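Please look over the sequence and the structure shown here before reading on. The report that follows takes up a strand, some loops and helices, and the charged side chains.

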Amino acid sequence: MDSGTAQVKTLGDYAAEHGAVAHSRSKARDDPLSVLDEDNPIFANEDLLRIDHIPEHDKIVGRNDQIETVARRLKPTITGGSGKGTLLLGKSGSGKTLVTRYVSREVEERGAENDVRIGRAIIDCAQRRSEVQTVIHLSKSLNDPQKTGITIPHSGIATGAYYDRLWMVIDKLYDAIIVVLDEIDRLAPSDDARNIPPEEADDSKLLMQLSRAGEENDVDASITVVGISNDLKYGDRLDTRVESSFAPDEIVFPAYDANQLGDILDRRRDAYHEGVLSEDVIPLCSAFSAQEHGDARRALDLFRLAGEVARDADVDQVREEHVRAANDDAEVTRVQDLIRGCPTQAKIAITALAAMDEFTNQSHFKATEMYRVYRKFAESIGTNVLGQKRITDQLREYETLKIIDMNRTSDGYREGTYLELSLLDEASLLLQSIGLDDQCSRIPIDTQMRQQIVSLVGR
């Protein structure tokens, strides 16, 4: 575009225009570093509101039965034995990861009292996306190269060689290992991937190797595996050989109700200075979050964001209007969590579908139409353009996350069958969330691009 014409409107501009923020809302300062010398008038201990913060038992609400059950499964590791393979199932934010972190930490500490060296690794499978990447991260998490002399390269060796190094690390450093595979279902093939035998799926191969390591004499130390999934039917998908070796017990975590969410937040009010919270903040945060399947993670996010909104507005109390403003930000955060770890190419394709939904009067689109817009977007930011089949294959994974719906349909004899795509989430939220991504924020969605999107749909 010529320098004299209007600046190209980008996806990043769209995100900012609609209130999505990747930075503070506070006004610009003459000395931006002065914030480092200021007292925080709102938060006394913001760390208490971090998602990965592990509170003491008296601050964990409504999960005593689950804590006791997980503790029984892991108890043998305290003396160096093998615990019971376990699957924790439930909606996002139902306390699965929190309970596992809390119990495994306690087990690790009690093992140390018995002179038992317990290693603990919590792996986010959503960030790894493959068997080999998960094994690499697991090995790095457990390794101390100064003690073992073992290096774990990022790439360049066979998968079997990574497992060999993992076994050596474990035997050199530990008597027992607890491996937590968070969102293990993200390693499973999609329901439509019929060409992948169950035993060849990444999650099956990983669970098989870990659960049979002792039996195959790969390691002397015991290995206990805990899998966590938001899919209540995940256990039904496991290969029969994995079921035999892993043999998991399933523990279902129910969603929190509004009262429990309120109790969770009330037990973390120490994050704020005394007197800062108005009476309606916690009930409103709880009510908003109870509407989203009782998600405690969302409740904590909203509780923290409300404080940030108040702080950035330079007021001395968190009130209802700050919760409502934070709720808008939390919706974007929720979508960001869903697409966390999503490859750039898939984000561009999701952006294409969201832009088609937002800027046309249609809500259902052919895969070929989506691909035309994807191609235009990818080219506009200088990214490699993948083939249509690879892009639709990537999008299938996000069908299980309830972002996209994909159906094979027909327009009759002349048209034949085709793949139809539609959004299950709000287009604007997706555009705002992806607009916070550094690379995708450059995608142009100015008037000219919007006209091109309209022309590419229905061609």
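## An enclosed strand

In this predicted model, both faces of strand S1 are covered, for Thr86, Leu88 and Gly90 on one side and Leu87 and Leu89 on the other are all buried. In a regular strand the side chains alternate between the two faces of the sheet. Five of the five residues of S1, which spans residues 86-90, are buried, and the strand is therefore largely enclosed by the rest of the structure.

Leu142 has its place in helix H5, which covers residues 131-142, and it counts as buried because its relative accessibility is 2%, where the limit for buried is under 20%. Although Leu142 and Arg120 are 22 residues apart in sequence, their C-alpha atoms are 7.5 Å apart in space.

Asp115, with a phi of about 60°, lies in the loop between helix H3 (96-113) and strand S2 (118-124). Its relative accessibility is 69%, so Asp115 counts as exposed. Glu183, with a phi of about 55°, is found in the loop between strand S3 (176-182) and helix H8. Is Glu183 buried or exposed? At 13% relative accessibility, Glu183 counts as buried.

## Salt bridges

Side chains of opposite charge can pair when their charged atoms come close. How many salt bridges does a search of the whole structure find? The search finds 24 of them. One of these joins the side chains of Glu106 and Arg105, at 3.6 Å from N to O, and Arg105 is buried, with a relative accessible area of 17%. Glu106 and Arg105 also belong to a network of salt bridges that links them with Glu56 and Arg110.

In helix H13 (residues 320-338), Arg324 and Glu320 lie four residues apart, about one turn of the helix, and their side chains meet in a salt bridge of 2.8 Å, N to O. Both residues count as partly exposed, Arg324 at 42% relative accessibility and Glu320 at 32%. In helix H16 (residues 388-399), Lys389 and Asp393 are likewise four residues apart, about one turn of the helix, and the salt bridge between their side chains is 2.9 Å, N to O. Lys389 is exposed, with a relative accessible area of 60%, whereas Asp393 counts as partly exposed at 38% relative accessibility.

## A patch of negative charge

Which residues gather in a patch of negative charge on the surface? The patch is formed by Asp164, Glu215, Glu216 and Asp218. Among them, Asp218 has its place in the loop between helix H8 (202-212) and strand S4 (222-229), and Asp218 is partly exposed, with a relative accessible area of 31%.

Terms used. Residues are numbered from 1 along each chain as its sequence is written. This is a predicted model: local features need pLDDT of at least 70, side-chain atom pairs count only at pLDDT 80 or more; totals for chains, interfaces and linings use all residues. Side-chain values use heavy atoms; hydrogens and water are left out. Patches are made of residues with over 30% relative accessible area and no salt bridge: like charges are joined within 9 Å, nonpolar side chains (Val, Leu, Ile, Met, Phe, Trp, Tyr) within 5 Å. Accessible areas come from the Shrake-Rupley method with a 1.4 Å probe; for residues, only the protein chains shown count as cover. A salt bridge is a side-chain nitrogen of Lys or Arg within 4 Å of a carboxyl oxygen of Asp or Glu. Lys and Arg count as positive and Asp and Glu as negative; His and the chain ends are not counted. The place of a charge is taken as NZ of Lys, CZ of Arg, CG of Asp or CD of Glu. Helices (H or I, at least four residues) and strands (E, at least two) are DSSP runs, numbered from the N terminus. Buried means under 20% relative accessible area, exposed over 50%, partly exposed in between (1.4 Å probe, protein chains only).
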